[in-house]
Amino acid sequence: MAHEFCPGYPPPYDALVASYPGTDVYPAADFRVEWGPIFHRGRLDGSAVLLVVGQDPAAHESAARRILVGVAGQRAQGLLSKLGITRSYVMVNTFLYSVYGQAGGSRHDRDPAIAAYRHRWLDAIVAQNHIDAVITLGSLAADAFTAWAEFHGHHAQLLHPTYPESASAAGQVTLAAATKQLLDNWNAAIPDLVVALTHPDQAPHPTLYGNAFASGDLTAIPEADLPAGLPDWMRSQEAWASRTGTTADDKRATLTVVVPGDQRPWKP
Ligand code: URA
């Protein structure tokens with residue numbers, strides 16, 4: 001069976017990836033620059049009707065070299081499925097590199113040089129596509145996108161897909177309560193997004209979320225979104241990448257990728 005794959009960066013994106021900013025723009029104290037920039041996921045062929053702006057790449061993205069591939073990406077992909085958007089989307093992050101440390105993101109989301117490069121991507125995407133709606137995931141993405149101010153269509157400012165984990169880890173709220181907040185927030189945005197997205201890939205099925213993620217609310221990452229030849233399990237809903245190490249230095253330097261237990265073809 002023929003496999004689909006992400007064909008990479010056609011013009012004008014080729015010039016953007018060729019001129020990505022380095023440590024002079026993204027300080028190594030606040031960004032994991034050692035893992036390289038990770039640019040996008042989705043269509044760069046002019047067919048996108050929805051733009052999703054995320055925050056920054058994490059462990060799974062560092063290995064797969066596309067953004068929003070781990071649990072945040074699968075939650076977002078599930079939302080897109082409800083909207084009937086299965087192919088015609090493009091995603092970029094606020095930051096090219098993973099934020100290191102708690103405050104790194106909010107310290108830099110409006111840095112002029114970081115914003116200038118991000119704006120070149122946003123300019124190109126809006127010029128090359130007919131974007132009907134934009135979804136920003138989390139407040140840094142909403143801020144970054146609003147600062148660009150070149151888009152006058154529908155903008156849904158959503159809580160970030162891993163808001164439940166980050167808010168509950170900060171201790172203000174339980175995981176269950178934060179998950180309900182997230183899903184209420186997404187539910188409230190669905191009707192207007194369905195109206196704004198006048199050319200979905202398939203009929204939307206905008207059934208609302210319950211109080212917790214149900215099986216079926218997450219969608220695996222499409223094969224067409226990842227570089228050629230990546231194994232299926234890198235798109236699956238299993239966690240397969242993590243940062244490991246006993247010191248902060250080792251942990252920053254080490255990415256552990258493990259083939260999930262049920263994806264080992266050498267096992268009977
Ligand atoms: N991974 C990304 O690429 N972006 C996010 O916002 C979260 C996880």
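**Notes on the fold and the ligand site**

1. R65 lies in the loop that runs between α2 (59-64) and α3 (71-82); helices here are DSSP runs of H or I with at least four residues, strands are E runs of at least two, and numbering starts at the N terminus. The phi of R65 is near 65°, a positive value in a residue other than glycine. Most residues other than glycine have a negative phi, and most peptide bonds are trans.

2. A word on the basis: this is a predicted model, where local features need pLDDT of at least 70 and side-chain atom pairs count only at pLDDT 80 or more, while totals for chains, interfaces and linings use all residues. Residues are numbered from 1 along each chain as its sequence is written, and side-chain values use heavy atoms, with hydrogens and water left out.

3. Please look at P11 and P12 too: a cis peptide bond joins them, with omega at about 5°. P12 is placed in the segment before α1 (13-18).

4. The protein chain has 9 helices and 7 strands. Its radius of gyration (over C-alpha atoms) is 18 Å, close to the 18 Å from the globule rule (2.2 Å times the number of residues to the power 0.38) for 268 residues, so the chain is as compact as a globular protein of that length.

5. Now the ligand. Residues around it (a heavy atom within 4 Å) include G54, P57, E61, I67, A72, N93 and H160. This shell divides into 4 nonpolar, 4 polar and 2 charged residues, with Pro and Ala among those counted as nonpolar, Asp and Glu as charged, and Gly as polar.

6. A ligand oxygen is 2.7 Å from a backbone N or O atom of Q55, a ligand nitrogen is 3.0 Å from a polar backbone atom of D56, and a ligand oxygen is 2.8 Å from one of L68. Taken alone the ligand exposes 240 Å², of which the protein buries 94% (Shrake-Rupley method, 1.4 Å probe).

Conventions. A polar contact is a pair of N or O atoms within 3.5 Å; within protein, one must be able to donate a hydrogen and the other to accept it, and residues adjacent in sequence count only if both atoms are side-chain atoms.
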